[in-house]
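Work through the following exercises with the model open beside you, and try each task before reading its solution.

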Amino acid sequence: MRSSFLLSKVMLIIAIVSGGMASAAAQQENNKDPERLAQRAQQALQQGDQINAQRLYQNALDLAEGNVCQWCNGVRQGLTVMLANHLFEAMNSHHYSQIRAFTAATLAEPTLQRIGLEMYAGYLAAESHFHGSFDLLSASVLEVNEGVVAAEVYVQSANTQMPYRIELSYTDSFPQKITRIRIRAHTDDSQFKVKPTVTEAMAQLAAYVDFLAANDVFSGSVLIAQGDEVLLRKAVGMASKRFNVPVNLDTRFNLGSMNKMFTSVAILQLVESCKLKLTDKLIDILPLKRQDTLLAQVEIQHLLSHTSGVGALNCPVGDDSVSADKSLCLNSLADIELNFTPGTQYRYSNEGMYILGLVLEQLTGQSYYQVVRDNVFAKAGMNLTESLDLQFPVENAAIGYSFDGLHDQWRNNLFIHDKKGGPAGGGYSTVSDLFRFSRALQQYQLLGKSLTQLAMTPKTEFGAQNYGFGFIVWDRKGKPVVGHNGSFPGVSSQMEMYQDTEYTLIVLSNHSFGADPVLAKARQLLGL
């Protein structure tokens with residue numbers, strides 16, 4: 001009896017061990033099957049175990065190392081959807097603490113070091129308030145390059161009722177960390193079986209602007225024109241939330257980086273009058289003490305096209321000049337570090353445009369402000385455009401607002417930007433003045449035809465694929481569109497000039513992100 005019992009027990013143990021060994025063998029075999037690993041990742045995700053899901057996805061990708069991988073894109077698409085949903089869960093919560101926790105846990109360390117945890121979390125919180133919520137429409141992987149996955153995610157924005165495209169980049173290794181998030185309205189005119197007439201399009205756009213304003217999403221001014229004919233000019237929202245002052249058609253808005261167009265035109269006017277050459281070296285114009293570095297290779301054309309490589313510059317803005325202390329500024333410039341050899345690649349640079357302001361003052365003997373006032377604004381009839389000094393009372397100028405997620409309320413931007421704009425940005429203008437600028441520019445009243453066209457052509461020879469001399473060149477349906485934008489907390493401005501159809505779109509907003517959906521809707525309705 002006893003031996004029979006022992007035999008039965010041994011047999012049971014052998015069966016358990018054998019079953020365990022078979023199970024382990026099966027598990028080991030499953031760990032070699034990328035499709036099975038991807039399925040397990042999906043199961044882990046459904047159970048809320050994101051870390052294990054990421055690890056399983058990575059194990060699947062590791063199996064393909066050094067081989068042509070037919071299924072890797074699908075695995076990375078799963079990762080993209082997972083990270084995107086994690087982002088939307090945080091943003092749709094509207095809780096700053098949850099958004100901050102997501103940012104701290106999911107953003108790559110170099111990104112956080114460059115931008116700052118609180119600043120990035122604040123940006124996502126502001127986007128969260130602007131959109132209300134995101135619903136995922138689709139996701140796809142674009143490329144994998146140097147250990148970073150570039151993906152695009154399409155979503156529906158609740159508050160704007162528009163589709164948005166999110167450029168989402170993340171590290172291609174476990175644990176995957178997000179390196180970049182860029183959210184922009186997507187123009188989709190495929191819904192129109194019959195294209196609306198221009199009159200119908202403007203009526204629908206006006207109604208859409210009213211809808212956004214009623215929901216406190218958009219505050220600002222809009223101007224749409226074709227040739228010299230203004231098709232729509234509209235103002236909505238509040239110039240001052242504190243004092244309940246409404247926006248009107250002559251309200252001036254902070255332009256952000258749109259000032260760069262004015263600075264570049266003024267520089268090119270000196271080129272046209274033979275007082276300057278595009279190939280002139282910066283060290284031959286400004287009295288700089290140190291000239292034995294890469295700085296000696298910087299040319300005017302590099303500064304105009306953001307291909308100079310100049311880094312950070314310490315030059316506080318003055319009251320009547322671009323520099324409060326020119327000697328200090330020039331010393332700082334002489335010691336400036338360059339990020340790359342001038343003329344070899346593109347890197348957007350506010351410092352480069354600021355330096356062009358110094359060049360204008362050096363060559364004309366006038367302040368930058370006087371130069372652009374006399375040679376750009378006056379010639380174009382821009383009577384309300386100026387770099388306003390916000391220390392003093394200024395007439396009919398909108399105050400910028402961004403949503404502060406930490407304090408759950410709107411915050412003005414008066415204490416976070418310079419008291420006065422300059423060569424790189426921060427001037428004030430109206431939609432009507434900017435329309436006058438666009439017409440004067442395109443009718444060659446500010447520059448001759450050859451220099452105007454040169455300014456509006458991308459400087460690909462220097463690595464600037466979408467930037468000319470002071471002008472962005474967008475690709476819209478395979479056709480170049482020229483203009484500039486401006487972005488800062490409480491500043492959302494953009495002008496687009498369609499040279500083939502002669503449409504001009506101008507939107508100025510004192511709400512962060514405000515111009516984007518209005519421009520996308522205008523393009524959609526006009527088929528641009």
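This is a predicted model: local features need pLDDT of at least 70, side-chain atom pairs count only at pLDDT 80 or more; totals for chains, interfaces and linings use all residues.

**Exercise 1.** Determine in which order the strands of the open four-stranded sheet are arranged, and which strands lie at its edges.

Solution. The order is β1-β2-β3-β4, and the pairing is antiparallel. β1 (134-145) and β4 (178-185) each pair on one side only, and these two are the edge strands. On average, neighbouring strands of this sheet are turned by 20 degrees against each other, direction ignored.

**Exercise 2.** Explain which parts of the chain the salt bridge between R165 and E152 ties together, and classify both residues as buried, partly exposed or exposed.

Solution. The closest N and O atoms of R165 and E152 are 2.7 Å apart. Because R165 belongs to strand β3 and E152 to strand β2 (residues 148-157), the pair connects parts that are 13 residues apart in sequence. R165, at 23% relative accessibility, counts as partly exposed, whereas E152, at 15%, counts as buried, since buried means under 20%. Both residues also belong to a network of salt bridges that links E152, R165, E167, R180 and R182.

**Exercise 3.** Carry out the corresponding analysis for K234 and D210.

Solution. Their side chains meet in a salt bridge of 3.1 Å, N to O. K234 lies in strand β6 (residues 229-236) and D210 in helix α8 (residues 198-214), so that the pair, 24 residues apart, links distant parts of the chain. K234 counts as buried at 18% relative accessibility, while D210 counts as partly exposed at 36%.

Conventions: Residues are numbered from 1 along each chain as its sequence is written. Side-chain values use heavy atoms; hydrogens and water are left out. Two strands pair if DSSP finds at least two bridges between them. Axes are lines fitted to C-alpha atoms, for helices over the stretch in contact, and angles run from 0 to 180 degrees between N-to-C directions. A salt bridge is a side-chain nitrogen of Lys or Arg within 4 Å of a carboxyl oxygen of Asp or Glu. Buried means under 20% relative accessible area, exposed over 50%, partly exposed in between (1.4 Å probe, protein chains only).
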